[in-house]
Amino acid sequence: MLRTRIRAGTVAGVVISLVLAAALSAVQSFELFIDGWTPALGETTAVTLRVPYGPRIVRNQYSGGSNISYEHTRIIIPAGTLLSEQNQDHRAAVAYESNRRPPRSTRIIAYGVIDFTLGMLLTAYLRRFGQNRVRLLRTQIGLFAAMLVMSLVVKLMLLFTGLPEFWVPVAALPLWVSLAFDRRTAFLVSLVLAFVASSFLRFDLLLLTVVLVRGMAASLLFLDRKHPRQMVPAGAMAGLFACGLFTAISVVFEGTFDVVSDLSQPGRSMLVANFGGGLMAGALALLLRDAAERLLGAVSRDKLLDLTDLEQPLLQKMAREAPGSWEHSRAMANLAEAAASAVGADALLVRAGAYYHDLGKTVQPKYFVENLSPGEESPHEELEPEVSADAIMAHVVSGAKILREGGIPEPVVEFAYTHHGTQVVEYFWHKCLNAGNPKGLTEEHFRYPGMKPQTKETAILMLVDSIEAASRTIDPPEREKFEEMIQRIIFTKLRNGQLDESGLSVADLRTLVTRMSDTLVNMFHHRIRYPWQDQRRISAQQALPSSPSLASIAVRGTLPSAPPSVPEGRGPPSGPSESGSTPPRDREPPPSIIIGPPLSLVPSPPSVPPSQESAAPSTAPSIPHKKS
Ligand SMILES: [Fe+2]
Ligand SMILES: [Fe+2]
């Protein structure tokens with residue numbers, strides 16, 4: 001399947017929430033269905049018994065029950081304890097458990113309603129306000145699966161350890177979400193997890209508060225996503241916050257909290273548990289981050305660094321079989337990485353996407369102009385326009401196929417089938433029209449079979465695919481000309497609706513123009529010529545005919561000719577991937593070859609070459625320039 005980036009809609013949200021509610025209800029109540037786990041006085045308990053924190057009226061047995069006191073307590077009776085009738089806590093625990101058994105369908109349904117509501121809130125938020133990647137069905141399924149696994153871990157800890165409930169390492173999941181996506185999503189995940197974890201102890205208010213604050217604090221304090229090791233101190237700091245909050249709430253309920261007495265028994269200490277739970281969450285998040293990121297549908301930084309190693313077999317295959325396309329990809333990588341980091345997108349992911357996006361060209365490299373040797377005839381000369389367009393468009397599908405077979409993670413494969421979006425291969429469409437369109441074809445026959453970019457990262461690569469190639473035609477390489485060219489390309493993509501689903505804001509586009517212009521100016525800056533270069537230049541000029549206009553004619557004879565329906569200079573610039581659909585005669589000569597000062601190979605104006613894409617307006621609206 002080409003398109004795996006399906007957005008979760010309302011129906012998907014309802015289905016996911018229903019499945020989550022059913023699964024969580026099972027986790028919340030399954031122990032009630034196991035007869036051997038029913039506690040009884042005089043017997044040994046098979047699982048840990050917990051009575052949630054709350055108010056209790058305690059009678060003083062030595063005063064004949066006349067003296068009663070109002071206390072807030074929690075009871076934890078570890079598994080394997082012999083339940084004594086004389087022990088007040090044991091009696092209270094057995095009474096609490098007998099209230100839960102036998103399991104009532106109404107109570108289970110009530111839990112299901114609460115879980116379903118939480119699921120709906122989370123899916124609705126992700127669908128409407130989440131960043132683009134968390135709107136994907138794949139991501140939401142992964143996120144809910146991770147929440148379910150975390151809930152099961154919490155339940156098993158509560159059942160089979162005698163540790164205070166604050167040891168639960170729930171903050172690991174918000175840390176993973178911060179690492180893979182963003183903090184806003186992590187906050188909401190913290191909220192939902194806090195309700196779920198506390199529901200195991202009848203919505204224990206203290207547990208809910210601690211889990212919520214620890215999750216939010218951990219994701220807030222995890223500042224540098226490039227260094228996952230920071231998850232450990234972030235978790236520990238969140239644990240310290242939880243200690244402070246726990247102490248304050250305890251004082252509110254009980255009037256006092258004895259820190260020394262609490263710390264004197266580390267195994268039962270609430271403060272140690274509050275801190276330890278945060279630290280453990282950070283350590284767990286660090287250790288299992290690769291598996292967690294895979295579950296969430298993201299690619300780890302280590303994996304991306306590995307993928308961008310130029311020794312990778314697939315990259316070597318491309319360098320060997322489609323060298324022109326490989327050089328184009330490498331040039332794009334630098335430009336795209338700088339652009340992505342300027343708008344807070346994942347720069348390393350974009351670099352990986354740039355390297356792999358055109359791998360489909362290795363199937364039939366000669367169909368792409370950048371892979372033809374000088375003077376080599378293009379196979380398109382002999383083909384019908386629609387056949388040529390099919391051959392060009394095939395690189396999107398075959399690229400995705402090769403990458404998946406090569407085990408490349410889906411977020412990188414996504415670049416292969418979104419970098420042309422759903423644009424039309426304009427050159428061959430116009431060629432077809434100019435030939436009279438004898439088969440009565442429509443634009444749809446010439447439309448790429450991919451999908452529009454769904455993330456900022458893929459949208460940036462789509463823009464850079466065009467900008468990188470067009471930048472080679474800008475002469476002289478001045479900032480204003482680069483800006484104009486970039487604005488034209490962005491406007492053309494906007495007009496065609498290609499950026500509609502990308503999540504790029506107008507502010508992002510303005511930043512992209514500034515940053516890419518800066519990068520291009522630096523890439524194309526002039527160097528001072530060596531004396532021997534000056535000497536050769538003078539010799540070359542002397543060898544030319546005396547009239548510069550003749551030289552100009554000779555050189556300009558190799559310039560591209562625009563398709564008649566696309567006025568020269570009005571079409572947006574085309575990247576080599578797009579120009580791949582252009583026969584060799586339309587190939588731009590390298591702009592660095594200058595025969596004498598007045599003989600620039602690229603006419604200026606226009607600064608933009610003809611393209612097979614749809615024509616851009618001659619006066620593209622200007623995106624305000626932001627000073628950097
Ligand atoms: Fe391409
Ligand atoms: Fe490309």
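These legends accompany close-up views of a predicted model.

**View 1. Overview of the protein chain.** The protein chain holds 24 helices and two strands. Of its 628 residues, 45% are buried. Among contacts with a separation of 6 or more, 80% join residues 24 or more positions apart.

**View 2. The largest nonpolar core.** This core has 145 residues. Val170, Leu175, Leu193, Ala336 and Ile460 have the most contacts inside it. Domain 1 (128-295) and domain 2 (300-628) each supply at least three residues to this core. In soluble globular proteins, nonpolar side chains tend to be buried together.

**View 3. Surroundings of Ala336.** Neighbours within four places in sequence are left aside here. Ala336 then contacts Val350, Arg351 and Ala354, along with Ile460, Leu461 and Val464. Both Ala336 and Ile460 are among the residues with the most contacts inside the largest nonpolar core.

**View 4. Packing of helices α1 and α3.** Helix α1 spans residues 10-29, and helix α3 spans residues 105-129. Their axes lie 8 Å apart, at an angle of about 140°. Helix α1 is therefore oblique to α3. The crossing of α1 past α3 is right-handed.

**View 5. Residues at the α1–α3 contact.** From α1, the contacting residues include Gly13, Ile16, Leu20, Ala21, Leu24 and Gln28. From α3, they include Ile108, Tyr111, Asp115, Phe116, Met120 and Arg127. Gly112 and Gly119 of α3 also take part, as do Ser17, Ser25 and Ser29 of α1.

Note on methods:
Residues numbered from 1 in each chain as written. Chains lettered and ligands numbered in written order. Predicted model: local features only at pLDDT ≥ 70, side-chain atom pairs only at ≥ 80, totals over all residues. Core = buried A, V, L, I, M, F, W, Y, C linked by C-beta atoms within 7 Å. Buried ≥ 20, exposed ≤ 12 C-beta atoms within 10 Å, placed from the backbone. Domains from an automatic or database assignment. Contact = placed C-beta atoms within 7 Å. Axes fitted to C-alpha atoms, helices over the stretch in contact; angles between N-to-C directions. Helix = DSSP H or I, 4+ residues; strand = E, 2+ residues; numbered from the N terminus. Parallel < 35°, antiparallel > 145°, perpendicular 65-115°, else oblique. Left-handed = near helix turned anticlockwise from the far one by under 90°.
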